[in-house]
Amino acid sequence: MPDQNNPPKFDGVEKIEVKNTIKQRAVGIHGDEHNEGFIAPELIDEAEKEVLKLCTNSPAMVGESLEKLNALWNKMKDLPASPERSQLSDEIFLQAHEIKDISAMCGYELISYFSESLRDYINKAELSVKAQVVIIQAHLDALAVVHSKGYKSDAGAVAEELKLNVKKAIDKYS
Amino acid sequence: MPVFNKQPQPYDLSNLSILIVEDSLYIQNLLTQMLKIFGVGDIMTCSNVKEAKDLLTAVQATKKSRYLRSVDIILMDWLMPGENGDALLRWIRSHHSDTIRFLPVIVISGYTTEYIAHKSRDLGAHESMVKPISGSGLAGRICSVIEHPRPFIKSPNFFGPDRRRKNVPYDSKERRKTKPDEIVVKHARSE
């Protein structure tokens, strides 16, 4: 009997045709599976409205996520390099990633910009604890300002100034 | 009344089951709502790779159950706590059960680079889409999986849907070691 965990070595190329049972079921018993199908445009429009609905609530969601982010950072910032610090850093990474997802989806470009940058810096192994503290704090300060003032676009004088402040911290400590 | 009606027809997705693997509850809820609007009959959700493996093992093994529906399509995030989407994709494509390893997978990524698209394709994803999610983007990926099921290719370094979507002449240096007429054509075990 063949061993499923150690299948025999295979050197060639096989093409495996898989029966399209999904199409059969998607056209239903009265449909013809040889005809092309589609999802009705009105349903797609309705789905787009769901995205808009989520976006109406997104400032509150981002606010909640920022609170969690700050709470995690308050626990993490004074810890020396340790497994606990790494664990918190992973949690901040995911929280920042979530903020980035929601804000990007809803057109909050500046929040998306800083949360993506925070996500990418939080796990940089080459940073010392001191460098990390300065860089992460700069990101969190920028996020707090952007969220409290409701800035949306990542262009313009205010956006440039906030980006410059974060860049200064990065350039000085990384 | 014409004998052959080749007009495109709207899908009835009420007989399909889609598994969402996404750690963000906001995005998970959004995807669930969108799929409900599209009329998908059964929507399952998991927040991480382990949950997804457990669920797939349970539902695909009990395929004939009256109470548990098997999964038809997987929608999965790439970046998740614990194991990432690549671990789930590898697990699916290397699974011994045909009901799991041939499952269509659509990868959703928050990274705006081509890296994830290429990596997920090379690990055997059918489709990939970059967040932000849109209704038309999601519908397009689902329609593509339903309408254009590509054959699976099994080679020493790859198992997944054929990465070549079009059969067009290729002018550059041939990198394939196996000529088209040397490829063995098989049929997956029927359900």
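Q: How many salt bridges does the structure hold over all chains?
A: Side chains of opposite charge can pair when their charged atoms come close. A salt bridge here is a side-chain nitrogen of Lys or Arg within 4 Å of a carboxyl oxygen of Asp or Glu. Over all chains, the structure holds 12 salt bridges. This is a predicted model, in which local features need pLDDT of at least 70 and side-chain atom pairs count only at pLDDT 80 or more, while totals for chains, interfaces and linings use all residues; side-chain values use heavy atoms, with hydrogens and water left out. Residues are numbered from 1 along each chain as its sequence is written, and chains are lettered from A and ligands numbered from 1 in the order in which they are written.

Q: Which residue meets Arg119(A) in a salt bridge?
A: The partner of Arg119(A) is Glu116(A), at 3.6 Å from N to O. Both residues belong to helix H5 (residues 109-122) of chain A, and they are 3 residues apart, about one turn of the helix. Helices (H or I, at least four residues) and strands (E, at least two) are DSSP runs, numbered from the N terminus.

Q: How many salt bridges are counted between chain B and chain A?
A: The count between these chains is 2 salt bridges. Lys23(A) forms a salt bridge with Glu147(B), with the closest N and O atoms 2.5 Å apart.

Q: How many residues does each chain bring to the contact?
A: Contact means heavy atoms within 4.5 Å. Chain B gives 61 residues and chain A gives 48 residues. Buried area is the accessible area (1.4 Å probe) that two parts lose on being put together, summed over both. Between chain B and chain A it is about 5200 Å², and carbon and sulfur atoms give 62% of that. Of the area that chain B buries against chain A, 14% comes from Gln9(B), Tyr26(B) and Ile37(B), more than from any other three residues.

Q: Which elements give two or more residues to the side of chain B that touches chain A?
A: They are strand S1 (9-10), helix H1 (25-38), helix H6 (135-147), strand S7 (152-155) and strand S9 (184-187) of chain B. H1(B) gives the most, with 8 residues. The residues on this side of chain B divide into 35 nonpolar (Ala, Val, Leu, Ile, Met, Phe, Trp, Tyr, Cys and Pro), 15 polar (the others, Gly among them) and 11 charged (Asp, Glu, Lys and Arg).

Q: Which strand of chain A do bridges join to S7(B)?
A: Two strands pair if DSSP finds at least two bridges between them. Strand S1 (residues 14-17) of chain A and S7(B) run antiparallel, joined by 3 bridges. Glu14(A) has Lys154(B) as its bridge partner, and Lys15(A) stands opposite Ile153(B).

Q: What joins S7(B) to S8(B)?
A: A hairpin joins them through 2 residues. S7(B) and strand S8 (residues 158-161) of chain B run antiparallel, with 4 bridges. Phe152(B) has Pro161(B) as its bridge partner.

Q: In what sense do S2(B) and S3(B) pair, parallel or antiparallel?
A: Strand S2 (residues 17-21) and strand S3 (residues 42-46) of chain B pair in the parallel sense over 5 bridges, and Leu19(B) stands opposite Met44(B). The chain goes from S2(B) through H1(B) to S3(B) in a right-handed β-α-β crossover. Right-handed means that, with the strands pointing away from the viewer, the path from the first strand over the helix to the second runs clockwise.
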